[in-house]
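Visitor: Could you please take me through this structure? I would like to begin with its charged side chains.

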Amino acid sequence: MSSVVPTKSTIQVSDAEWQARVDLAAAYRLVALYDWDDLIFTHISSRVPDREHHFLLNPYGMMFEEVTASSLVKVDLAGNKVTESPHFVNPAGFTIHSAVHAAREDALCVMHLHTDYGIAVSAQKDGLLPLSQQAMLALTSLAYHDYEGVALNEDEKPRLVRDLGDKTSMILRNHGLLTVGRTAAEAFLAMLLLERACKIQILAQSGGAELIEVPEPILSLVESQVKAVTVGQGAALIWPGLLRKLDRIDPSYRE
């Protein structure tokens with residue numbers, strides 16, 4: 001195995017894969033920027049374009065703020081490296097991701113985080129409440145999965161996939177949050193909405209006053225209203241601005 005650290009000039013990948021690498025590295029940097037990371041103990045994975053069963057994953061031990069496009073490791077569904085890389089990967093950490101990738105063709109990017117507010121809400125019996133517009137957006141496609149210990153057990157995969165169903169977001173009870181998307185941008189935006197909804201809920205509850213929940217009939221209106229607000233583009237409308245933000249701060253994620 002080569003000990004040479006890969007760079008853009010040394011790895012041989014298609015233009016499509018390189019763009020996927022840049023977007024995934026950006027997602028890692030944004031998670032760190034928004035203070036959602038948990039040292040090295042969560043993952044964001046992305047399917048390699050034109051490679052049905054190959055995925056990109058962060059080097060285990062690298063802080064999210066350090067991830068670059070070239071440092072991402074290409075793995076198979078078992079989390080084993082399929083190309084040379086000096087970086088270590090944690091196959092056990094890929095358990096949740098591999099289950100979702102295998103079951104959902106539209107889940108090209110899977111983001112799993114341990115955010116403070118997300119875990120706080122995941123520990124509440126009633127889960128996410130319809131207390132804010134952000135919560136209404138998340139509730140249009142939200143699932144739950146009960147805690148079964150550290151996610152290392154292969155037997156848990158079918159239950160996790162069953163609970164997720166066709167939803168784009170999931171609260172892993174007593175554990176954290178998970179979102180999926182056709183792109184890193186979609187997975188990130190879904191996480192942003194879910195995490196903010198959780199934060200708002202905890203802040204509202206901490207005030208001690210009686211809370212007003214949005215009536216159930218309103219929820220059915222939200223999805224069509226969101227499409228109107230985003231001009232049908234959703235994450236694609238937001239992502240370029242986020243990349244410009246990263247470029248101003250530190251463009252090294254593109255390396």
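**Salt bridges and surface**

Guide: Asp163 is partly exposed, as its relative accessible area is 24%. Please note that this is a predicted model.

Visitor: Which residue forms a salt bridge with Asp163?

Guide: Arg162 does, and the closest N and O atoms are 3.2 Å apart. Arg162 itself counts as exposed, because its relative accessibility is 56%.

Visitor: How many salt bridges does a search of the whole structure find?

Guide: The search finds ten. Among them is the bridge between Asp106 and Arg104, with the closest N and O atoms 2.8 Å apart.

Visitor: Is Arg104 buried or exposed?

Guide: Arg104 is buried, because its relative accessible area is 9% and buried means under 20%. Asp106, in contrast, counts as partly exposed at 36% relative accessibility.

Visitor: Which distant parts of the chain does the pair of Arg173 and Asp146 link?

Guide: These side chains meet in a salt bridge of 3.4 Å, N to O. Arg173 is in the loop between β6 and β7, Asp146 is in the loop between β5 and α5, and the two are 27 residues apart. Asp146 counts as exposed, at 52% relative accessibility.

Visitor: A change of topic: which residues make the nonpolar surface patch of about 260 Å²?

Guide: Leu33, Tyr34 and Ile249 make that patch.

Visitor: Where does Ile249 lie?

Guide: Ile249 lies in helix α8, which covers residues 235–249. Ile249 counts as exposed, because its relative accessibility is 53% and the cut-off is over 50%.

Definitions and conventions. Residues numbered from 1 in each chain as written. Predicted model: local features only at pLDDT ≥ 70, side-chain atom pairs only at ≥ 80, totals over all residues. Heavy atoms only, no water. Patch = residues over 30% accessible without salt bridge, like charges linked within 9 Å, V, L, I, M, F, W, Y side chains within 5 Å. Areas by Shrake-Rupley, 256 points an atom, 1.4 Å probe, with all protein chains shown as cover. Salt bridge = Lys/Arg side-chain N within 4 Å of Asp/Glu carboxyl O. Helix = DSSP H or I, 4+ residues; strand = E, 2+ residues; numbered from the N terminus. Buried < 20%, exposed > 50% of the residue type's maximum accessible area, 1.4 Å probe, protein only.
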